[in-house]
Amino acid sequence: MTGKPPSSRRAFDTRLAAYCVVVRDGSILLALWDMRSTRPEFAPRWTLPGGGVELGESIEDGAVREVAEETGYEVRLTGLLGVDSGHVPAAARLGREGRPLQTVAVMYSAQIVGGGLRHEVGGTTSEAAWFPLEELSRLERTSRVDQAIALYEGARG
């Protein structure tokens, strides 16, 4: 890909992230987004395993890496579910306040090929767990979970 070098006058940041929907035996694998170690007032919420893609990393490799980091499982991607973008105003950012953020989230379906359930240490999630799909409405969760499940169910037919 070619183009102009990034301008230092750009008025916003961009975050590319990749997430996976992993469903097994009617349950979905989720990670607890938990920023209380740096922001004690933060209210943890369950989310899809996934997160930021590193500079130079493929989106697919980022998705697989993030699932391993946050849950302990090795996965194989089985399909692209969708891409979503969003906007976080500067005042609402967790961390580097001062500039708005454009988010780009790529969501995949995936299946487990190895590893075992464990919790992330020193990251942005504090737990990983399986939840029956029919019980999700009782969880404090990010809107991305509902969006990804709708995409997953739509892809299944």
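The model is predicted, so local features need pLDDT of at least 70 and side-chain atom pairs count only at pLDDT 80 or more, while totals for chains, interfaces and linings use all residues. Residues are numbered from 1 along each chain as its sequence is written, and side-chain values use heavy atoms, with hydrogens and water left out.

Remain at Asp 34, which lies in the loop between β2 (27-33) and β3 (45-47). Helices (H or I, at least four residues) and strands (E, at least two) are DSSP runs, numbered from the N terminus. Asp 34 counts as buried because its relative accessibility is 9%; buried means under 20% relative accessible area, exposed over 50%, and partly exposed in between (1.4 Å probe, protein chains only). Now display the side chains of Asp 34 and Ser 126, which are joined by a polar contact of 2.8 Å. A polar contact is a pair of N or O atoms within 3.5 Å; within protein, one must be able to donate a hydrogen and the other to accept it, and residues adjacent in sequence count only if both atoms are side-chain atoms.

Next, turn to the salt bridges, of which the whole structure holds 8. A salt bridge is a side-chain nitrogen of Lys or Arg within 4 Å of a carboxyl oxygen of Asp or Glu.

Select Asp 13 and Arg 99, whose closest N and O atoms are 2.7 Å apart in a salt bridge. This pair links distant parts of the chain, with Asp 13 in strand β1 and Arg 99 in the loop between β5 and β6, 86 residues apart.

Then select Arg 144 and Asp 84, a salt bridge with its closest N and O atoms 3.6 Å apart. Arg 144 lies in helix α2 and Asp 84 in strand β5, so the pair ties together parts that are 60 residues apart in sequence. Arg 144 counts as buried at 18% relative accessibility, and Asp 84 as partly exposed at 23%.

Finally, select Glu 54, Glu 57, Arg 65, Glu 66 and Glu 69, which are linked in a network of salt bridges. Within this group, the side chains of Arg 65 and Glu 57 meet at 2.8 Å, N to O.
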